[in-house]
Amino acid sequence: MSEHNAGTAVADREVRPAPDAPPASRLRRWIRSPAALLTLAGVVLAAGLFVGGLALGRATTHSATPPGTTETTTSVGGGCVAGGARRCLAFTSAPTDTVRVNSPFSFRITTSSSTGTRIRKVGKLPKGVHFTNNHDGSATLAGTVVQARRHSVTGTYHLTVTAAIGSGKTRQVARQAFSLVVTS
């Protein structure tokens, strides 16, 4: 011991890397490499999925549609088995509809469940269009898009439609991105 500071002993010794550790220069180069970035991204993703699964009570996410779509089903407790005895809750209607200004329309959003499904939407609809949960595994977008006096209502309105069924360990939630395209 070479020094004694306020009751704390400080040793005079050289810090050496472990015998099997790579030299510091190689380690610094590896950290800056694309391989390190991919490895780190994989570790962070795996940790996020693990922690997310714990937060949802061992939830798993199943894709209920072909790749490239945004629909997913989350099942708490692993009770959702695609194609098995218990089916995953999924949307069965198209994720888009096109309507004309000042023309009445009705579009039915459907799911794979027929009873007890709660369907909600997040997002803004054009004036004159209403969203209704039918409480039978479906919901309806209906009305007549009304032309506003000061601005155009044509364009695409993006919604997120969520369906939920069950509770506790048997709860399933499906989400779908929906687009309502309004033309003149």
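Tutor: Let's start inside a strand pair: Thr132 has Thr140 in β9 as its bridge partner. Keep in mind that this is a predicted model.

Student: Which other residue has a bridge partner in β9, then?

Tutor: Phe131 does, and its partner there is Leu141. Between β8 and β9 there are five bridges, and the two strands run antiparallel.

Student: How many residues sit between β8 and β9 in the hairpin?

Tutor: Four residues separate them, and in that turn His135 has a positive phi of about 60°.

Student: What's the strand order in the open sheet?

Tutor: The order is β6-β9-β8, three strands with antiparallel pairing. On average, neighbouring strands here are turned by 15° against each other, ignoring direction.

Student: How many bridges hold β6 and β9 together?

Tutor: Seven, again in the antiparallel sense. As for a specific pair, Thr110 stands opposite Ser138 in β9.

Student: Changing topic: where is Thr111?

Tutor: Thr111 is in the loop between β6, residues 104-110, and β7, residues 118-122.

Student: Is Thr111 buried or exposed?

Tutor: Thr111 counts as buried, because its relative accessible area is 9% and the cut-off for buried is under 20%.

Student: What does the side chain of Thr111 reach?

Tutor: It reaches the backbone oxygen of Ser113, at 3.3 Å. A polar atom of the Thr111 side chain also lies 2.7 Å from the backbone oxygen of Gly137.

Student: And which residues does Thr111 touch, not counting those up to four places away in sequence?

Tutor: Leu89, Ala90, Phe91, Thr92, Thr117, Ile119, Gly137 and Ala163.

Student: OK, the core. Which residues in the largest nonpolar core touch the most other members?

Tutor: Phe105, Ile109, Leu141, Val145 and Leu180, out of 23 residues in that core. β6, β8, β9, β10 and β11 each supply at least two residues of this core. Leu141 is also the bridge partner of Phe131.

Student: What is Leu180 in contact with, leaving aside its neighbours within four places in sequence?

Tutor: Asp97, Val99, Phe105, Leu125, Pro126, Val129, Gly155, Thr156 and Tyr157.

Student: Zooming out, how many helices and strands does the protein have?

Tutor: Two helices and eleven strands. Along the sequence that reads β-β-α-α-β-β-β-β-β-β-β-β-β.

Student: And what share of the residues is buried?

Tutor: 28% of the 184 residues. The accessible surface comes to about 12,300 Å², and carbon and sulfur atoms account for 59% of that.

Student: Last one: among contacts between residues at least 6 apart in sequence, what share joins residues at least 24 apart?

Tutor: That's 54% of them.

How values were computed
Residues are numbered from 1 along each chain as its sequence is written. This is a predicted model: local features need pLDDT of at least 70, side-chain atom pairs count only at pLDDT 80 or more; totals for chains, interfaces and linings use all residues. Side-chain values use heavy atoms; hydrogens and water are left out. Buried means under 20% relative accessible area, exposed over 50%, partly exposed in between (1.4 Å probe, protein chains only). A polar contact is a pair of N or O atoms within 3.5 Å; within protein, one must be able to donate a hydrogen and the other to accept it, and residues adjacent in sequence count only if both atoms are side-chain atoms. Contact means heavy atoms within 4.5 Å. A nonpolar core is a set of buried Ala, Val, Leu, Ile, Met, Phe, Trp, Tyr and Cys residues joined through side-chain atoms within 4.5 Å. Two strands pair if DSSP finds at least two bridges between them. Axes are lines fitted to C-alpha atoms, for helices over the stretch in contact, and angles run from 0 to 180 degrees between N-to-C directions. Accessible areas come from the Shrake-Rupley method with a 1.4 Å probe; for residues, only the protein chains shown count as cover.
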